Amino acid sequence: MVDDNGAVESTSRIIVALDFDSRRAAEEVVDRLGDECRFYKVGLELLAAAGPDFIKHLVAEGHEVFLDLKLFEIPNSVAGAVRVAGTLGASMVTVHSMGGTDIVAAAVAAARDFPRLRVLALTVVTSMTSSDLADLGVNASTEEQVLRLARLANRAGCHGVIASPQEAAQLRGVLGSSSLIVTPGVTLPGESPSEHARPGTPRAAVAAGASHIVVGRTVTRAEDPVAALRLVRADLGQ
């Protein structure tokens, strides 16, 4: 995923989101993509449907797993979940930065026993807008809130953050060159952004400073997932 100099390996830059409600559906996509994809995201839906054994299976097959749990609990519970993620062999796990410094720091501390596990802080989900934040009593734009939470996560020792492609450039300036910036909400030029309110193309996300991009339906619901993934890679210039 990341070499000794802190650079992201090109084969790991694209993460395919397995947003399915069954192990069978997820495995069909993984099988069809074969060697074309190295890195997969497993979220709460698939984890609830398929269980932790599916994570072990992906790792055993040589894949990297981004375990997107968005942990938001008391620090002790968050630490326990991070240790489980490490035991399963996950490469990334997410904690919700809105939980505050203690929760994020607990996740970081728990990950230290697993050298390959990176803790990433979710800032503001890509479906949210500034008006959504206002409904929650947050008197800030999405960009302002993303940067505020990214700074909190950085101070707590996180390896990086989750944010939309539209905040990647500002985040890179704030976090420096070594932090991971993982961007969901990535679609090919001309595609509908679906539920993402702050989308971007693969090329734009990486040019702005993203270390990784997450693609979902663009690939997994395509008639030919391999061809779709190659289009994403071509947009990146790989």
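The chat below goes through the fold, the helices and the cores.

Colleague: What kind of model is it, and which pLDDT do local features need?
Modeller: It is a predicted model: local features need pLDDT of at least 70, side-chain atom pairs count only at pLDDT 80 or more, and totals for chains, interfaces and linings use all residues. Residues are numbered from 1 along each chain as its sequence is written, and side-chain values use heavy atoms, with hydrogens and water left out.

Colleague: What does the chain average in pLDDT?
Modeller: The average is 92, and 93% of the residues score at least 70. pLDDT is the predictor's confidence in each residue, from 0 to 100. Over residues 1-7 it is below 50.

Colleague: How many helices and strands are there?
Modeller: The chain has eleven helices and eight strands. They are DSSP runs, numbered from the N terminus: helices are H or I with at least four residues, strands are E with at least two.

Colleague: How do the strands run in the barrel?
Modeller: The order is β1-β2-β3-β4-β5-β6-β7-β8, a closed barrel with parallel pairing. Two strands pair if DSSP finds at least two bridges between them. The twist averages 25° from one strand to the next.

Colleague: Which residue stands opposite Val161?
Modeller: Ile181 in β7. Strands β6 (residues 160-162) and β7 (residues 180-183) pair over three bridges.

Colleague: Switching to helices. Which strands does α4 touch?
Modeller: Helix α4 (residues 75-88) touches β3 and β4, and its direction makes about 170° with that of β3. Touching is contact, meaning heavy atoms within 4.5 Å. Axes are lines fitted to C-alpha atoms, for helices over the stretch in contact, and angles run from 0 to 180 degrees between N-to-C directions.

Colleague: And where does α11 lie?
Modeller: Helix α11 (residues 225-236) lies across β1 and β8, at about 150° to β1.

Colleague: How many residues has the largest nonpolar core?
Modeller: It has 70. Such a core is a set of buried Ala, Val, Leu, Ile, Met, Phe, Trp, Tyr and Cys residues joined through side-chain atoms within 4.5 Å. Buried means under 20% relative accessible area, with a 1.4 Å probe and protein chains only. Helix α5 (residues 101-111) gives the most to this core, with seven residues. Apart from this core lies another of eleven residues, among them Phe39 and Val182.

Colleague: How much of the chain is buried?
Modeller: Buried residues make up 52% of the 238 residues.

Technical notes: Buried < 20%, exposed > 50% of the residue type's maximum accessible area, 1.4 Å probe, protein only.
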